[in-house]
2 protein chains.
Amino acid sequence: MAMPLHATFVGGATGPWQVDRLAAVRGEGLPVVERLSVIEGRESAPPETAVWTLRGVTSNERYVTRTEHVALVERQPPLGRPEATRAALIPVRKTDQWWNLSQDERRAIFEERSRHVSIGLEYLPAVARRLFHSRDLGERFDFLTWFEYAPADAEVFEELVARLRATEEWSSVEREIDIRLVWDAETRRRPL
Amino acid sequence: MAMPLHATFVGGATGPWQVDRLAAVRGEGLPVVERLSVIEGRESAPPETAVWTLRGVTSNERYVTRTEHVALVERQPPLGRPEATRAALIPVRKTDQWWNLSQDERRAIFEERSRHVSIGLEYLPAVARRLFHSRDLGERFDFLTWFEYAPADAEVFEELVARLRATEEWSSVEREIDIRLVWDAETRRRPL
């Protein structure tokens, strides 16, 4: 995953994902919409029916060590599993204070004190995940994290989200939206 | 410097910087131009006379520790010093292999083995510097580094560049252009 992959998440009246729930966890909310679609590519033009668009780009890893990377790759499932008909899109913005920390300080909060990777590993392979970076694109959020799971793993996913929100790292989150989605299209799920 | 600052470097027939030299250090070159201008802001429209444009964004630090950060901040000069009438714009692209390394591996090459920060510190406060990230913007280079120095420090700057190019880190550079500039405008230098 070395090459950056751009994606635009479009909330509006169309798209294969039905919005089951859209809630502000912290800070300002986003308008509630009925459907969500995901458009790949940098030059994507959102449909005219878009109520909001959120853009992001996959990037190189920022905090994970080689040992953690290997553990993640061994256990993480691909996106687009046919049974993974539930998804969550969680846009997050962190505080200026977080961004003014140096790399070693952010890493220490992220993993040594908040166990972000270690906690995430416990939920593999149930939950598939892809992180998109938005901050350097001039977007209103810093990250968009996309999760996919089967209906049977919905409770497990709630537990993962609750544990992460209870960490020291999350005290640096100043805005967070939780958007839950159900695959609702005639076609089967396909890889994002 | 927490908020991302977007900039577009425009090579063409206009601009306050006269291009003294434009050379490919490694990989494909860029068309030679006479002048360079720097436009701030994300939505900047380059002039029609542009031969090429290079876009980048300042971002949070990626490798530097708090101790290194403090040492840099104590010694680094601001951009736009009136006497700093020489500049260099050095676009660099690193290999896929570099980007596939984990954070701890990149950090080890960057500083523990290549002494990127330590070497740079030796050239402060003579050389002012600002790093722009381009990779996640879908640009052809990964970084654009902008340097400013006085004519009297030109040799010192050559030494800095030569030392960095001799490091292990630089074996991961697959494309590099070296553009040298002279301030040539009726107005005095002003902060970038």
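Is Thr95(A) buried or exposed? In this predicted model, Thr95(A) counts as buried because its relative accessibility is 16%, where buried means under 20% relative accessible area, exposed over 50% and partly exposed in between, with a 1.4 Å probe and protein chains only. The model is predicted, so that local features need pLDDT of at least 70 and side-chain atom pairs count only at pLDDT 80 or more, while totals for chains, interfaces and linings use all residues. Residues are numbered from 1 along each chain as its sequence is written, chains are lettered from A and ligands numbered from 1 in the order in which they are written, and side-chain values use heavy atoms, with hydrogens and water left out.

**Chain A as a whole**

- Chain A holds five helices and eight strands, with helices (H or I, at least four residues) and strands (E, at least two) taken as DSSP runs numbered from the N terminus.
- Along the sequence, these elements of chain A follow the pattern β-β-β-β-α-β-α-α-α-β-β-α-β.
- The radius of gyration of chain A is 16 Å, which agrees with the value near 16 Å of a compact globule with 192 residues; this radius is taken over C-alpha atoms, and the globule rule is 2.2 Å times the number of residues to the power 0.38.
- The C-alpha atoms of chain A fill a box of roughly 45 × 35 × 30 Å along the principal axes, and 53% of the 192 residues in chain A are buried.
- Among contacts (heavy atoms within 4.5 Å) in chain A between residues at least 6 apart in sequence, 78% join residues at least 24 apart.

**Surroundings of Thr95(A)**

- Thr95(A) is placed in the loop between strand 5 (86-94) and helix 2 (96-100) of chain A.
- When residues up to four places away in sequence are not counted, Thr95(A) touches Ser172(A) and Glu174(A).

**Relation of the two chains**

- Chain A is superposed on chain B by a rotation of 180 degrees with 0.0 Å of shift along its axis, at an RMSD of 0.0 Å, using least squares on the C-alpha atoms of residues with pLDDT of at least 70 in both.
- The two copies are thus related as by a two-fold rotation axis.
- The same surface serves both copies, in that 100% of the contact residues of chain A recur in chain B.

**Helix 1 of chain B**

- In helix 1 (residues 66-75) of chain B, the residues Glu68(B), His69(B) and Leu72(B) are buried.
- Seen down the helix axis, the buried residues of helix 1 of chain B fall within an arc of 100 degrees and so line one face, the arc being that of the directions from the helix axis to the C-beta atoms.
- These buried residues pack against helix 3 (103-113) and helix 4 (116-122) of chain B, whereas the face turned away from the buried side carries the exposed residues Thr67(B) and Glu74(B).

- Gly56(B), in strand 4 (residues 52-57) of chain B, is buried with a relative accessible area of 2%, and its C-alpha atom is separated by 8.2 Å from that of Glu139(B), 83 residues apart along the chain.
- Of the 27 residues in the largest nonpolar core, Ile90(B), Val127(B), Phe157(B) and Leu160(B) touch the most other members; such a core is a set of buried Ala, Val, Leu, Ile, Met, Phe, Trp, Tyr and Cys residues joined through side-chain atoms within 4.5 Å.
- Helix 5 of chain B gives the most to this core, with four residues.
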